Amino acid sequence: MPKEVRKEASAEAMITATGLTKKYGDFVAVDGVNFTVTRGESFGLLGPNGAGKSTTMKMIAATSQRTGGNLVILGKDPNRQGPEIRAHLGVVPQQDNLDRELKVWENLMVYGRYFGLSRKFLKGKIEELLEFAQLGEKRNSKTEELSGGMKRRLTIARGLVNEPEILLLDEPTTGLDPQARHILWDRLFRLKEQGVTLVITTHYMDEAEQLCDRLMVMDKGKIMAEGSPAELIKKYSSREVLEVRFGSENNASVAGRLKGIGERLEVLPDRILIYEESGEKCLEQIIKLGLEPVTSLVRRSSLEDVFLRLTGRTLVE
Amino acid sequence: MSLINAAVDSAIAIAEKRKGKLGAGVYSGRPNVVLERGFYALKSSTWMVVASGFVEPVFYLLAFGYGIGQFISGTTDGNGSPITYAQFIAPALLATSAMNGAIYDSTWNVFFKMHFGKVYNGMLSTSMGTLDVALGEISWALLRGLAYAIGFMAVVTGMGLIPSIWGLLAIPAAVLVAFGFASVGMGVTSYLKNHQQMQWIQFVMLPMFLFSGTFYPLSIYPEFIQWFIQAMPLWQGISLIRGLTLGILDWAMLGHALYFVAMIIGGLFFTTRRLTALFLR
Amino acid sequence: MSLDVRAETQMTWVGAKKLVDPQVSIRYGAFFVAENRLRNMAKWWLSIIAFGLGNPSLYLLSIGIGVGSLVDSSLGANAIDHVSYLTFLAPALLASAGIQGALDEVTWPTMEGFVWDRTFFSMNSTAITGKQIVSGILMAAMTRCLLQVFLYELCLLAFGAISWQSIPILLLVSATAGFGFSAVMLAFSASIKDDDGVFALVGRFIITPMFMFSGTFYPIDSMPIYLRWIGWISPQWHATNLGRALSYGSPVEPWLQAIHWGLMLVLAVIGITWANRMFESRLAK
Ligand SMILES: Nc1ncnc2c1ncn2[C@@H]1O[C@H](COP(=O)(O)OP(=O)(O)O)[C@@H](O)[C@H]1O
Ligand SMILES: [Mg+2]
């Protein structure tokens, strides 16, 4: 896509949600969220399991009707103009829903036909997509014979068959091995360069940092924070983190003596985290107190720290 | 490679073909694509299973028409002319073939696609509407019913069990019967949640098959049972087709045909509604 | 559920060495498997009973009484085998119920165990062996088989199709047919890698013709000679003919009766041997 077009269109809103709400019975899965995604942007939804990310994605995909608030996608109302909106979307659901009764290339062909694309156009398109997903050799396999990574790539390729304006990716790399994740990141980055608007949910912080221009952290259906990865780290964490271990018996008792060291202190059963501009300086202070950690580690603060700070360390199932 | 090029404009134009027209929210004019999918899937499935679906009524024809038939005499066509017992049950089994084919695809296969194959999730994440899906799937099921009916028709015609030339019309009649069963079958299936509930479909089908005047005229039942059976779709189908193969036409057949038209419309309506509720809520 | 990493956890620990007696599973493993299957079945008891009673009653009413009345009005009463058509039909329907009842409990559970849920592999990763799974499944299948045949007998009794005196012997005959056939089908199911409609084909080309062409609805000698072999090799016919002899005294030579029993038992032995081999080799894979 030519650069100037991208720039010119950059302020155009693709998705606008205001007070967007989804209730299942009495349960509020998405609780009045507001956000806007503009053309060519890569927008990330972060949050623990059950935060309401998939529900939000489904509403954007025009396959789940909102129960409150407003949602405009490409200037249209998903509750009434579902097929028209879906014509412009590419969807990669959290769970692959490839057609098990069809072969790899047939999955692409049939999915393209669902959009009403011609067979002639699709013949060429399928070749491009198979190459894109590195599945050329598997074209005649049944989808069950594919590995998890291959299935995911095929699902993504399938979502591109109509050359969508917006690509929705719900946890695109969960369950993949590191190689497969990196291949996917590379592919997604190329799409972004071509001007496709990406909406991605994930709970991998490295993924969010790699792929997203802007993030929204969700928890229990609400927005906890919004901004670019760097902004969020700056706002919700320190520059560095010091991790010290005194053995699981002693951490709690030692913690009392560490008061006043660092900007913020967090005591876990197995270690103590100290958030500070400089981790080394804190470590010196601790040693000066006559305490000897079993291990210590100074690292840069990451989105993960932001995430845990905002959504807590409690595991929700 | 270029992912955004000129072709996309035409693609979107096609995908939006019915934009702004009546029912654009549920129908985008492409149920035929569901049939295409069916053919692709059939190609790489165990087609023997599908192809052999019409043998069961053939076995019934052999075991009953010719087996028990030896012990049964005095069968008439309803106008008093004598016919063989095999000639009596053949049209009933033809209607049953059409029903079976339509029901196999519109119940178990639809159930599987709905809950395990996630096929409709995929379809409905594109610009397809729920009426496209319903109409497409029902037509696919109907094709199977039609195929079985044609297969069975070939067998019974070869055996000389179709005495009347009107019997030719039994094929379009079988289409109607299959369409009706496919439509209602899919409608009902879309409301069922687990295997156990699905089994109950079988529990309705079996008595319908056994009691709808398949093996003997309704006259052996007390009157209130006759009324009940006459309200059942298979009896309607059997009466329609038996009239044609035996060449005994009357106005009631129009009623039977209308019965199936009503089934078709009702099934489509409920299926579309239910698909919307299941996949687009 | 909400789980906090900061929460303390406690777990008691005796150790398998003290906790588990290997002799127990060597002795009772098969019963554990059977118990597991029966518990599973118990979840669907209502369907099992409804189908167990419903299907036969429908056939009875439709074929037994409906078609029976056509036969009677054509040939006069008691024309076939010197009894009413219903009485003639009853042992055949019972044999079919026995076969079907056992069959349902060996085919799907085996697919589930090896392919869908792979439960057999998890059983096998405890102290339970392949042979014990085979025995357990057959025990559960026979429980279902006996129950289903018995319910069917009550139905037939109510319609006056059998006498109460013949209940035990018909139960034995029908269950033996179910046992022989399901043992073979158990082994066959264990050899299937992927359903792909195999059972639909088996149903269509083996079970249905076996039901219809085994002298079920009319004496086997009124079939053309080139079709009679279907009866000769099917447990359905052996059980039907035996049942007719032992319930209402249909004339069957003692040597033929011996063959009927023998064939069903041979099937059982072949089936169990084959199933044991299949299970052990597949679990070891
Ligand atoms: N169809 C549904 N019916 C009822 N509750 C649902 C349904 N789908 C999701 N939920 C609930 O809504 C909440 C948010 O789910 P989801 O959007 O899938 O979370 P996430 O994708 O962030 O993990 C969860 O508590 C989930 O249990
Ligand atoms: Mg999710």
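Guide: A salt bridge is a side-chain nitrogen of Lys or Arg within 4 Å of a carboxyl oxygen of Asp or Glu. This is a predicted model, where local features need pLDDT of at least 70 and side-chain atom pairs count only at pLDDT 80 or more, while totals for chains, interfaces and linings use all residues. Residues are numbered from 1 along each chain as its sequence is written, chains are lettered from A and ligands numbered from 1 in the order written, and side-chain values use heavy atoms, leaving out hydrogens and water.

Visitor: What makes A:Asp206 and A:Arg181 a salt bridge?

Guide: Their side chains meet at 3.1 Å, N to O, and the limit is 4 Å, so the pair qualifies. A:Asp206 lies in helix H8 (residues 205-211) of chain A and A:Arg181 in helix H7 (residues 178-193) of chain A, so the bridge ties together parts 25 residues apart in sequence. Helices here are DSSP runs (H or I, at least four residues), numbered from the N terminus.

Visitor: Why is A:Arg181 called buried?

Guide: Buried means under 20% relative accessible area, exposed over 50%, and partly exposed in between (1.4 Å probe, protein chains only). A:Arg181 has 12%, so the word buried applies.

Visitor: What makes C:Arg39 and C:Glu35 a salt bridge?

Guide: Their closest N and O atoms are 2.9 Å apart, so they too meet the definition. Both sit in helix H2 (residues 22-42) of chain C, 4 residues apart, which means about one helical turn separates them.

Definitions and conventions. Helices (H or I, at least four residues) and strands (E, at least two) are DSSP runs, numbered from the N terminus.
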